[in-house]
Amino acid sequence: MNNILTTRKSIMILMFAMMLLLAACGQKQDTTTTTSNDPAIATEGASTETTLKIATLIPPMTEILDVVKPLLKEDGINLDVIVLSDNIQPNDALANKEVDANFFQHAPYMKQYNESKGANLVAIQPIYNAIYGAYSKKYKDINALPEGATIAIANDPSNIGRSLQMFAQAGMITLKDGVGMNAIQADITSNPKNFEFKEVDLLMLARMYDEADLVAMTPAYAKPLNLTPVKDALVTEKEDSTFAINLVAREDNKDSEAIQKLKARMAGPEVKQFLQDKYADIAVPAF
């Protein structure tokens with residue numbers, strides 16, 4: 001009888017010890033799981049890279065982003081470049097938070113978009129001044145333009161005013177006093193040679209080079225036609241940083257760490273050197 005009791009007692013002690021051991025293992029397992037999932041603790045080999053989406057259109061904008069992309073990798077940022085097909089999509093995508101920034105426009109164009117769409121886009125860094133000019137496939141001198149010549153200009157308000165102001169500075173037309181860069185065709189007070197100004201979509205300007213007598217456009221659209229403002233433009237505007245091509249973000253993200261790193265890289269020595277080496281004839285760094 002005593003042997004039986006002793007055996008039962010031993011079994012109970014052994015079972016109790018096993019329960020304690022299992023409980024201890026469970027506690028240890030729970031503690032380990034909590035620690036490994038704690039966001040405050042860095043795990044060896046874990047990635048902290050941030051993806052930043054930026055919308056753009058054509059060279060040299062796309063090429064500048066190619067320059068800064070590997071530099072941003074060093075800053076822990078993966079730059080995802082989204083190349084779009086018209087000059088409305090980049091702002092729509094940014095305003096709708098589909099991208100984090102865009103790079104294709106000057107500040108007056110952005111401001112007009114904000115006013116028309118109730119958006120809050122912000123120009124945070126001018127990158128380069130594009131030399132604006134007017135080109136002709138048919139004529140080699142501005143004075144050779146005939147009576148009633150067709151002149152193609154971009155159809156958005158900021159570029160209409162910019163084009164008309166350039167032609168006024170060249171003495172081709174006269175504008176109402178004080179209209180400046182807000183000029184529209186109704187503000188033309190004198191047009192001695194009865195030039196016809198044809199307003200077309202920005203991305204149609206290069207095609208108009210074959211059709212119109214004169215086309216006003218930025219170097220980004222002239223360059224694919226092997227045209228440069230210094231060598232080929234019949235008329236160029238006076239240098240004006242108002243129309244510098246800007247990096248643009250939103251009011252709600254312009255001060256974020258990622259956007260500030262992008263801003264710093266785009267206004268860095270590598271981009272300046274790139275512009276001087278490859279685009280000195282059409283673009284001047286604006287920083």
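## The six-stranded sheet

An open sheet is built from 6 strands, ordered β2-β1-β3-β12-β4-β13, with mixed pairing. The edges belong to β2 (77-83) and β13 (283-285); each has a single partner strand, so one side of each lacks a neighbour in the sheet. On average, neighbouring strands here are turned by 35° against each other, direction ignored. The model is a predicted one.

Strand β4 (residues 121-130) pairs with two others. With β12 (residues 245-250) it runs antiparallel, joined by 6 bridges. Within that pairing, Q125 stands opposite L247, and L121 has R250 as its bridge partner. With β13, β4 also runs antiparallel, over 3 bridges. There, N129 stands opposite V284. Strand β4 is mostly covered: 8 of its 10 residues are buried.

## Helix α9 on the sheet

Which strands does helix α9 touch as it packs on the sheet? Helix α9 (residues 257-266) touches β1 (50-56), β2, β3, β4 and β12. The direction of α9 makes about 55° with that of β1.

The buried residues of α9 are A258, I259, L262, R265 and M266. Seen down the helix axis, these buried residues fall within an arc of 125°, so they line one face of α9.

## N102, a buried polar residue

N102 sits in strand β3 (residues 101-106). Is N102 buried or exposed? N102 is buried, because its relative accessible area is 0%, and the cut-off for burial is under 20%.

The side chain of N102 has polar partners. A polar atom of this side chain lies 3.1 Å from the backbone oxygen of P90. The side chain of Q105 makes a polar contact of 3.0 Å with that of N102. Leaving aside neighbours within four places in sequence, N102 is in contact with I54, A55, P90, N91, L94, N246, L247 and V248.

## The nonpolar cores

The largest nonpolar core holds 50 residues. Those with the most contacts inside this core are I64, F103, Y128, L262 and M266. Helix α2 (residues 61-74) supplies the largest share of the core, 6 residues. L262 and M266 are also among the buried residues of α9.

What does I64 touch, beyond residues up to four places away in sequence? The partners of I64 are F103, I127, Y128, M266, V271, F274 and L275. Another core lies apart from the largest one. This other core has 23 residues, among them Y132, I188, A216 and V235.

## The five-stranded sheet

A further open sheet has 5 strands in the order β9-β6-β10-β5-β11, again with mixed pairing. Its edge strands are β9 (196-200) and β11 (235-236), each pairing on one side only. Strand β5 (residues 133-135) pairs with β11 in the antiparallel sense over 2 bridges. A134 has V235 in β11 as its bridge partner. V235 also belongs to the core of 23 residues.

## M204 in its loop

M204 lies in the loop between β9 and α6 (205-208). The residue is partly exposed, with a relative accessible area of 29%. How far apart are M204 and Y221 in sequence and in space? M204 and Y221 are 17 residues apart in sequence and 9.3 Å apart in space, C-alpha to C-alpha.

## The chain as a whole

The secondary structure comes to 10 helices and 13 strands. Of the 287 residues in the chain, 43% are buried. Among contacts between residues at least 6 apart in sequence, 75% join residues at least 24 apart.

How values were computed. Residues numbered from 1 in each chain as written. Predicted model: local features only at pLDDT ≥ 70, side-chain atom pairs only at ≥ 80, totals over all residues. Heavy atoms only, no water. Pairing = 2+ DSSP bridges. Helix = DSSP H or I, 4+ residues; strand = E, 2+ residues; numbered from the N terminus. Core = buried A, V, L, I, M, F, W, Y, C linked by side-chain atoms within 4.5 Å. Buried < 20%, exposed > 50% of the residue type's maximum accessible area, 1.4 Å probe, protein only. Contact = heavy atoms within 4.5 Å. Polar contact = N/O pair within 3.5 Å; in protein donor to acceptor, adjacent residues only side chain to side chain. Axes fitted to C-alpha atoms, helices over the stretch in contact; angles between N-to-C directions. Arc of directions from axis to C-beta.
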